Amino acid sequence: MPAIERMIFIRAAPEAVFDFVARVEDFPLYSSTIREVRAIERDTYRWVVSVAGFALDWDSVVTEETRRPRHFAWRSIRGVENGGCFDLRPVAGGTEVRFTMSYRLASPLLERIVDAIAAPLMQRVAGEILAQVRRRIENSDARAAN
């Protein structure tokens, strides 16, 4: 199963970072690849993304493994099989954020072909999401301090 892992440092407390990543419906603000995220039930969301011109969708549920403010996790329950988490660790001056996600496509052959194209794109999207979360948190903290 292909996996993505990215890390970033954010100058904010883990509670503030957790509150941002837990607002799942805001994720389209963090990446142009994410077309839509909407709640369909409590803690259940429909995702629509565009990857290399193809629309992919799935439903995911926030898992019971979520523990504020250190760990936010999800897994898909329909569509593209995937799961992942944000692990937040307090460090001097802020929070170290580790994003991990794994996914599986319907066919192992298709997965190998798509992975050659999609893996670099998914790494870029993960980096884009984390950078946008960092920018928004750090900018909101700077405005609050003024």
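Of the contacts in the protein with a separation of 6 or more, 47% are between residues 24 or more positions apart; contact means heavy atoms within 4.5 Å. Before I go on: this is a predicted model, where local features need pLDDT of at least 70 and side-chain atom pairs count only at pLDDT 80 or more, while totals for chains, interfaces and linings use all residues. Residues are numbered from 1 along each chain as its sequence is written, and side-chain values use heavy atoms, with hydrogens and water left out.

The protein has two helices and seven strands, in the pattern β-α-β-β-β-β-β-β-α. Those are DSSP runs numbered from the N terminus: helices are H or I with at least four residues, strands are E with at least two.

Of the 146 residues, 41% are buried. Buried is under 20% relative accessible area, exposed over 50%, partly exposed in between, with a 1.4 Å probe and protein chains only.

Now the salt bridges, meaning a side-chain nitrogen of Lys or Arg within 4 Å of a carboxyl oxygen of Asp or Glu. The count is eleven. One of them pairs Arg11 with Glu138, closest N and O atoms 3.0 Å apart. Arg11 sits in the loop between strand 1 and helix 1, and Glu138 in helix 2, so the pair ties together parts 127 residues apart in sequence. Arg11 is exposed at 53%; Glu138 is buried at 14%.

Another joins Asp59 and Arg78, at 3.1 Å, N to O. Asp59 is in strand 4 and Arg78 in strand 5, so this pair links parts 19 residues apart in sequence. Salt bridges with shared partners put Arg46, Asp57, Asp59 and Arg78 in one network.
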